[in-house]
Structure formats: C-alpha cells, structure tokens
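Q: Could you walk me through reading a sheet, one of its strands and a pair of packed helices? I would like the general idea each time, then the case at hand.

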Amino acid sequence: MRDLIIAIDGFSSTGKSTLAKLLAKELGYLHIDSGAMYRAISLYALENGMIHGEEINEAELLPQLEFIDVHFEWNPETGRNEIYLNGENVEEKVREMEVSSKVSLIAKIPEVRAHLVELQRKLGKNKRIVMDGRDIGTTVFPDADLKIFLNASAEERAKRRYEEMLKTDHPASFEEVVANINERDRIDSTREVSPLRKADDAVLVDNGRLTPQETLQEVLEIIQNLP
Ligand code: C5P
C-alpha cells in the first residue's frame, strides 16, 4: 500500500482521537491529535495568567508562541503519543475542564492557528500519518489521501465525553460537559479562520451506533477501496 496522509475531522467527542489512534496502530503510522496542541497552548496561557474570563491577552501570548515547546512523545505504557508542554507531560492536564472551557477561544486566534498548522504540516512531511482535529482536511492537509468526517448524535457525544471525564482526577458534571461541547462546537464552526466544516471530498462516517472497532473496520474498508 502506498504511504498515506489520513485526515479525521468532526465535532467534539465524536471519537476522532479514538479512531485515529486505532487506525495509526493498525497501519503502523504516526498519530497526531491536533486538538492536544491547541489545548497545550491554552494551558500555557492559563498557567501564565494570560486569560481573564473570555479575554485572552494576545499582546502577551503571541510574541511567545514560537518559544513554547509543544511536542509529542510515544508512551509505550499507554500506547499513545502524549503531549508535552515545555518539557512536561501534560496529557492529563490538557483534558481538564478549565482548559476545555478556554481552548476554543485560543483556537480562533489566527496567529495561533498559523503557528500550529505549520508545525502540523512538518509532522506530516513524510506521510504515514493519521491526524485528527477540526481543519485537517480543509486547511492542514487539503490534499490528504483520505479525509474522514466523523459524526454522532449530540446525546451520544456528551455521554462519551462524560464517561471519559469520570475516569480522570478532575471529573465534571454531565451538565458541564454538555454545555462545554455545545459551546466549543458553536465557536469552532463560526470562527473566521478555518471554521469546522466537512471538506467537500471527505467521507462522512456516522459512528453513533458503532463501537470503536466497528468504526475502525469501516474506515479500513474505505482504505482498501482507495484508488
Ligand atoms: O479535539 P479536541 O476536542 O481536544 O480539541 C479541542 C479544541 O481545539 C477544539 O474544540 C477546537 O477549538 C480546537 N481545535 C481546532 N482545530 C483543530 C483541533 C482542535 O480548532 N485542528
């Protein structure tokens, strides 16, 4: 099989990262969760007092962007590529509600997007990558060999995120999770730069009733039938 770039996009908690991780494992590819990169920048801004309510201090954040080290390292114990911020493993911290509640505000800043898109393209320069996010098929890799747009009902998505949060040290209430998902989807779909939308040539996969393994099988079939 030729080397591929696979883009997986969709609304919050549609199972993008779960699918991307399984797919990367199956194919022996690199998995990059681009959302974790936006989350890491948000964590940095939070930890350095650059966020007050809904206000981001861009004058302070933007000149520092190129000096913030955001990278992934493979963790054989968890079997996933984990996110590091300035040398610290922040894989868990970036999933906390405090970060979730600010990340879409950070992700709509054009300079933040330009910076992260450049890093994401570098990671894909040798192909053999599965990247998941919101704008991978539309902006990061518009020529990706395969684009998947994942969807599931709002109810199913909220349930999944809530169950995921329950396993962490900082669980959130179901209501909080639903409100956060809806708010992020709203901001992500209406922002000016690279709003979340299905690329015209993306394959729509509704995984509301599918297990992660079933979703994987469906996508592997699509890959087998690629020209
Ligand atoms: O994928 P995840 O839910 O962790 O992403 C967190 C947030 O990061 C999204 O709600 C969105 O605001 C932003 N994001 C983005 N573009 C991407 C990936 C994530 O704007 N490619």
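A: Gladly! Let's start with a definition: two strands pair if DSSP finds at least two bridges between them. Keep in mind that this is a predicted model.

Q: With that in hand, which strands form the open sheet, and in what order?
A: Five strands build it, ordered β2-β8-β1-β9-β10, with parallel pairing. The edges are β2 (30-33) and β10 (203-206), each of which pairs on one side only. On average, neighbouring strands of this sheet are turned by 20 degrees against each other, direction ignored.

Q: How should I read the two faces of β1: buried or exposed?
A: The general idea is that side chains in a regular strand alternate between the two faces of the sheet. In β1, Ile-5, Ala-7 and Asp-9 lie on one side, Ile-6, Ile-8 and Gly-10 lie on the other, and all are buried. Since buried means under 20% relative accessible area, both faces of β1 are covered. Six of the six residues are buried, so β1 is largely enclosed by the rest of the structure.

Q: Now the helices: at what angle do the axes of α8 and α9 cross?
A: In general, two packed helices are described by the angle between their axes and the distance between the axes. The axes of α8 (residues 154-166) and α9 (residues 174-190) cross at roughly 120 degrees and come within 9 Å. That angle makes α8 oblique to α9. Their crossing is right-handed.

Q: Which residues of α8 and α9 meet?
A: From α8 come Arg-157, Ala-158, Lys-159, Arg-161, Tyr-162 and Met-165; they meet Phe-174, Val-177, Val-178, Ile-181, Arg-184 and Asp-185 of α9. The residues of this contact divide into seven nonpolar, five charged and no polar.

Notes:
Residues are numbered from 1 along each chain as its sequence is written. This is a predicted model: local features need pLDDT of at least 70, side-chain atom pairs count only at pLDDT 80 or more; totals for chains, interfaces and linings use all residues. Side-chain values use heavy atoms; hydrogens and water are left out. Axes are lines fitted to C-alpha atoms, for helices over the stretch in contact, and angles run from 0 to 180 degrees between N-to-C directions. Helices (H or I, at least four residues) and strands (E, at least two) are DSSP runs, numbered from the N terminus. Angles under 35 degrees count as roughly parallel, over 145 as roughly antiparallel, 65 to 115 as roughly perpendicular and the rest as oblique. A crossing is left-handed if the near helix is turned anticlockwise from the far one by less than a right angle, and right-handed if clockwise. Contact means heavy atoms within 4.5 Å. Ala, Val, Leu, Ile, Met, Phe, Trp, Tyr, Cys and Pro count as nonpolar, Asp, Glu, Lys and Arg as charged, and the others, Gly among them, as polar. Buried means under 20% relative accessible area, exposed over 50%, partly exposed in between (1.4 Å probe, protein chains only).
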